[in-house]
Amino acid sequence: MTNSFWRNKKVFITGHTGFKGSWLVLMLNHLGAKVSGYALNPISKPNFFDNLELSKFLENDFREDIKNFSKLNQSIKKSKPNIIFHLAAQSSVLVSYKNPDDTIKTNIIGTFNLLKSISLNKSVKSAIIVTTDKVYLNDDKKVNFDENSKLGGYDIYSSSKACCEIITDSFVKSFINKEKCKIATVRSGNCIGGGDWTADRIVKDCVDAFINRKNLLIRNPNQTRPWQHVMEPVCGYLKLAEKLYNNKGRKFVGSWNFGPNNIHLSVLNLAKMGKKIFNSKSKIITEKRNKKKLHEAKYLSLNSRKSLKGLKWKIHMKPEDSLKLTFDWYKTFYMNKKNKKKVIEFTINQFKSFQKKIKYF
């Protein structure tokens, strides 16, 4: 990938006010793209999007619900995007237990609305539908899931995202002219990075505890996840979107994993790394076992060999390096609350350094 590809490309992002969407806005703007966003207002305070005033990097900033097809289609029609990234979702397992109705409507109907709008707007040449590594049927048997593994989901969030995969596949086969528009789904591991204040996120809890010198309570100390810095999979999405856009893009249609192979870091070990980076004296306390605790998979790992072979994509940072970047960002943010420009510059410099490391651009 080169900067010249993204320069002046019209890009439409759903969910642009979220954690991953905000990073995508900043990165695409830095690459010279003309970005429009469609999302609800950020759900947390503080949040990456508002605190860094990212709306100034947008051509259009639509604040509407993905469940509203008419508003979504009007926004895409007005923006005339060449490329779409669909990130709008209810993205929490725990929230899906509390509000399954909205999870189903947002994730499934919202994705269908986006696909329908793509079929009606001829400016769109490629699209990335972002799902999750939790789309796979996970029996906690320490399987490294590849793109052909069986889809499923114990909880409503996971199953709703598995449905998004199936709906996208059938919609593309039924209604999308692959000569004119190519669509792929992407499944990435747990993302960390500066600016994520979403509830029930371990990094956010670490930052809150270590900065404010409080004890850290963790729910599931032995759960392992394919942790990676948010820039890793997002750069994979960018590379895939470019491949889809080009003349030979048909072979890139389908599903793609973007996660570290055979890196199994537990929640407890992540917290210990964070404590060391912050040089904190806070205590790490594990929550007592609760028989009524809502189910969350203990083990999750992806096989991303397809992305390595087909896209030359791989993880470039070890977990400790990703954590160092993440916690350094939060330190900079809290030390410069009244100097947003400095935080933006720091964030862009993190991306510039990563660009040099991966040599994608």
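**View 1. Lys-9 lies over the face of Phe-5.** In this predicted model, Lys-9 is placed at 4.3 Å from the centre of the Phe-5 ring. Phe-5 itself counts as buried, because its relative accessibility is 9% and the cut-off for buried is under 20%.

**View 2. Phe-5 and Tyr-245 form one of the aromatic pairs.** The whole structure holds 21 aromatic pairs. In the pair of Phe-5 and Tyr-245, the ring centres are 5.5 Å apart. The planes stand at 80 degrees, so the pair is edge-to-face; over 60 degrees is the cut-off for that class. Phe-5 belongs to helix H1 (residues 3–6), and Tyr-245 to helix H9 (residues 231–245). The pair therefore ties together parts that are 240 residues apart in sequence. Tyr-245 is partly exposed, with a relative accessible area of 25%. Phe-5, at 9%, is buried.

**View 3. Phe-12 and Phe-62 form a tilted aromatic pair.** Their rings are 6.4 Å apart, centre to centre. The angle between the planes is 35 degrees. Phe-12 sits in strand E1 (residues 10–14) and Phe-62 in strand E3 (residues 58–63), so the pair links parts that are 50 residues apart in sequence. Is each residue buried or exposed? Both Phe-12 and Phe-62 are buried.

**View 4. Trp-197 sits in a loop.** The loop runs between strand E8 (191–192) and helix H8 (202–211). Trp-197 has a relative accessible area of 10%. That value is under 20%, so Trp-197 counts as buried.

**View 5. The side chains of Trp-197 and Tyr-334 make a polar contact.** The distance is 3.1 Å.

**View 6. Trp-197 belongs to an aromatic cluster.**

**View 7. Lys-331 sits over the ring of Phe-278.** The charged end of Lys-331 is 5.4 Å from the centre of that ring.

Terms used. Residues are numbered from 1 along each chain as its sequence is written. This is a predicted model: local features need pLDDT of at least 70, side-chain atom pairs count only at pLDDT 80 or more; totals for chains, interfaces and linings use all residues. Side-chain values use heavy atoms; hydrogens and water are left out. Helices (H or I, at least four residues) and strands (E, at least two) are DSSP runs, numbered from the N terminus. Buried means under 20% relative accessible area, exposed over 50%, partly exposed in between (1.4 Å probe, protein chains only). A polar contact is a pair of N or O atoms within 3.5 Å; within protein, one must be able to donate a hydrogen and the other to accept it, and residues adjacent in sequence count only if both atoms are side-chain atoms. Rings of Phe, Tyr and Trp (its six-membered ring) pair if their centres lie within 6.5 Å; planes under 30 degrees apart count as stacked, over 60 as edge-to-face and the rest as tilted. A charge sits over a ring if NZ of Lys or CZ of Arg is within 6 Å of the ring centre and within 35 degrees of the ring normal.
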